[in-house]
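Here is a short briefing to read alongside the model.

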Amino acid sequence: MSERPAGALAGIAMILLLAAPASGAASGGGQGIRRDTVIEAPSAGSARISATAEAGRYPIDDGGGETVAVSVTAACQTSCAAADPQQVADFLGTLVHGDEMELLTVQLDTPGQIDFDCGYGAQACYYGGENKIVLNGDETPAPDGAGREFVLAHEYGHHIARHRESPPPFPTALDWGTPRWSSYENVCRGSRSGALFPGNEGLHYYRDPGEAFAESYAHMRFPEAGVAWRWVRSLEPDAGAFRAIREDVLEPWQERTTLALHGRVPSSQGGAVVREFGTPLDGTVSLRPAGRRLTRYRLSLLSPAGRVLRSSRHDLSFRHRLNYTVCGQSRLRVALRASHDRGGVFKLQVQRP
């Protein structure tokens with residue numbers, strides 16, 4: 001979900017979406033109903049609605065002393081049946097979360113305001129640039145039976161992704177889902193094959209992994225809710241997906257880690273030395289000599305089956321590095337071959353997500 005259009009376009013976009021077949025949906029009825037929209041910033045009209053809201057901070061009662069901002073629009077204060085800020089805050093405290101909770105604002109709208117702010121037919125929306133969830137102030141269930149708290153959990157999944165890093169070269173976790181989850185669900189392979197469409201909430205809403213991540217997060221909170229999975233079947237969550245989400249929430253990925261490979265390269269007549277290493281997450285892997293002298297070897301990056309994925313064209317120095325995007329592989333191999341008659345000792349630095 002890269003930068004989304006402002007809220008003024010959301011209603012038109014949602015009408016078009018509902019008129020079109022949900023080609024990305026994988027199962028169940030009501031496939032044309034979108035759970036939500038993700039918008040970078042509100043329109044001027046939506047900002048005027050927000051300006052009428054009365055806001056406050058409320059404890060989430062999770063034992064950590066955290067609070068969350070909840071606002072209620074003026075129209076919702078007089079007409080919504082379930083516009084209780086503390087009730088919303090209490091529910092948020094039951095979600096698996098990190099420090100991003102303190103950044104959140106939840107705005108309670110009337111159903112008509114939801115249509116304007118989020119797009120016709122949407123049950124909620126997330127303004128990524130404002131860390132804001134816009135939610136219905138009534139508790140009317142969604143067409144697929146999802147209750148308001150399920151919808152709120154889905155939106156909070158977007159908020160988590162908004163505040164998680166995504167390993168290069170993948171743009172954002174808001175588009176791809178959080179790192180461990182997206183690696184577990186093979187989002188990179190799905191994107192390359194054309195089965196998934198990161199950041200595409202149009203006709204491919206149900207094949208957007210960012211949306212599937214948010215829905216998986218809601219299913220993790222409500223495993224017995226009976227809400228049918230309507231996203232592409234390959235992303236339907238299981239116990240492993242839930243473990244990955246929980247780890248991404250509680251122990252966010254920060255940066256690549258470094259490991260060292262070392263040994264002796266045989267002479268040019270002696271073939272190559274091969275080392276294997278794990279690649280737990282998708283993303284860019286970089287290899288380079290650890291020393292500062294010109295090496296007397298060349299290296300190739302191989303699949304576990306021995307297929308050459310990337311090779312150096314010349315002897316390496318500390319200024320050179322070999323980069324490769326891991327996309328679904330859990331292990332890789334590196335082969336080092338002497339470029340002259342004599343071999344020698346090598347030390348190789350590997351950076352991986």
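In this predicted model, Gln87, Val88, Phe91 and Leu92 of α4 meet Arg148, Glu149, Leu152, Ala153 and Tyr156 of α6. Sorted by class, that contact of α4 with α6 holds six nonpolar residues, one polar residue and two charged residues.

**Helix α6 and its partners**

- Helix α4 covers residues 85-92, and it packs against α6 at an angle of about 60°, with the two axes 11 Å apart.
- The hand of the α4 and α6 crossing is right-handed.
- Helix α6 (residues 148-162) also meets helix α10 (residues 209-221), where the axes come within 7 Å and cross at roughly 125°.
- The pair α6 and α10 is therefore oblique too, and α6 passes α10 in a right-handed crossing.
- On the α6 side, this contact is made by Phe150, Ala153, His154, Tyr156, Gly157, His158, Ile160 and Ala161.
- On the α10 side, the contributors are Gly210, Glu211, Phe213, Ala214, Glu215, Tyr217, Ala218 and His219.
- By class, the residues joining α6 and α10 comprise nine nonpolar, five polar and two charged.

**Helices α2 and α5**

- Helix α2 (residues 44-51) and helix α5 (residues 111-118) have axes that come within 9 Å and cross at roughly 140°.
- The α2 and α5 crossing is left-handed.
- Gly45, Ser46 and Ile49 from α2 meet Gln113, Phe116 and Asp117 from α5.
- Their classes are two nonpolar, three polar and one charged.

**Disulfides**

- How many disulfides are there? The count comes to three disulfides.
- One of the pairs to look at is Cys76 and Cys80, which form a disulfide with their sulfur atoms 2.1 Å apart.
- The link of Cys76 and Cys80 is left-handed, with -120° about the S-S bond.

**Backbone details in loops**

- The peptide bond running from Pro168 to Pro169 is cis, and its omega is near 10°.
- Where does Pro169 lie? Pro169 sits in the loop between α6 and α7 (173-176).
- Asn131 has a phi near 55°, a positive value in a residue other than glycine.
- You will find Asn131 in the loop between β5 (124-127) and β6 (132-136).

**Confidence**

- The protein averages a pLDDT of 87, and 86% of the residues score at least 70.
- Residues 1-30 have a pLDDT below 50, although this stretch has 82 contacts in the model beyond near neighbours in sequence.
- Where pLDDT is low, the predicted coordinates should not be read in detail.

Definitions and conventions
Residues are numbered from 1 along each chain as its sequence is written. This is a predicted model: local features need pLDDT of at least 70, side-chain atom pairs count only at pLDDT 80 or more; totals for chains, interfaces and linings use all residues. Side-chain values use heavy atoms; hydrogens and water are left out. Axes are lines fitted to C-alpha atoms, for helices over the stretch in contact, and angles run from 0 to 180 degrees between N-to-C directions. Helices (H or I, at least four residues) and strands (E, at least two) are DSSP runs, numbered from the N terminus. Angles under 35 degrees count as roughly parallel, over 145 as roughly antiparallel, 65 to 115 as roughly perpendicular and the rest as oblique. A crossing is left-handed if the near helix is turned anticlockwise from the far one by less than a right angle, and right-handed if clockwise. Contact means heavy atoms within 4.5 Å. Ala, Val, Leu, Ile, Met, Phe, Trp, Tyr, Cys and Pro count as nonpolar, Asp, Glu, Lys and Arg as charged, and the others, Gly among them, as polar. pLDDT is the predictor's confidence in each residue, from 0 to 100. A disulfide is a pair of cysteine sulfur atoms within 2.5 Å.
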